Amino acid sequence: MNAYDEYMKGIVKPMREELVQFGFTELTTSEEVEGTMTSLDGTALIVINSVCGCAAGLARPAVREALQATESKPDHLFTVFAGQDREATEMMRSYFPEVPPSSPSIAVWKDGKLAYFIPREQIENFEMEQIKDHLTGVLEQVCGK
């Protein structure tokens, strides 16, 4: 591993842990993504994480707060890290080819297909509370019993 990769690994560690500590399973290889997605039953919230400020100040906090605010929780929580785990992120994005690559972004998966997608354009320049409310509504609609 070169010095840059080692430096970035240290920088992103807390950004990774923020979601993992909240119950997300981090998928770091294309094999992990493929194995997970091909056998996935029910609903899943998938966060395509990023090092950018809108991931740190908006996306990750909004995801955590939306999950706390709703009774309609997805069956599974997954995350891949764009720019860090390139093959895993590319493989995850291959499951929703109709959506242009975007990070950070939030996907809601149901019954083997993409049910809803929140791209960076609906995260960046919005208030965290707006993103939380948006995601809470989506979770209630898609994951509601």
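Under the criterion of a pair of cysteine sulfur atoms within 2.5 Å, the count comes to 0 disulfides. Cysteine 52 takes part in no disulfide, and its nearest cysteine sulfur, that of cysteine 54, is 3.3 Å away.

The structure is a predicted model, in which local features need pLDDT of at least 70 and side-chain atom pairs count only at pLDDT 80 or more, while totals for chains, interfaces and linings use all residues. Residues are numbered from 1 along each chain as its sequence is written, and side-chain values use heavy atoms, with hydrogens and water left out.

Relative accessible area is classed as buried under 20%, exposed over 50% and partly exposed in between (1.4 Å probe, protein chains only). Accessible areas come from the Shrake-Rupley method.

| Residue | Relative accessibility | Class |
|---|---|---|
| Cysteine 52 | 17% | buried |
| Cysteine 54 | 9% | buried |
| Glutamate 32 | 34% | partly exposed |

Glutamate 32 lies in helix α2; helices are DSSP runs (H or I, at least four residues) numbered from the N terminus. Together with Glu31, Glu34, Glu87 and Glu90, Glu32 forms a negative surface patch. Patch residues have over 30% relative accessible area and no salt bridge, like charges being joined within 9 Å. A salt bridge here is a side-chain nitrogen of Lys or Arg within 4 Å of a carboxyl oxygen of Asp or Glu. Both α2 (30-38) and α4 (86-93) supply at least two residues of the negative patch, and α2 provides the largest share, 3 residues.

Definitions and conventions. Patches are made of residues with over 30% relative accessible area and no salt bridge: like charges are joined within 9 Å, nonpolar side chains (Val, Leu, Ile, Met, Phe, Trp, Tyr) within 5 Å. Accessible areas come from the Shrake-Rupley method with a 1.4 Å probe; for residues, only the protein chains shown count as cover. Lys and Arg count as positive and Asp and Glu as negative; His and the chain ends are not counted. The place of a charge is taken as NZ of Lys, CZ of Arg, CG of Asp or CD of Glu.
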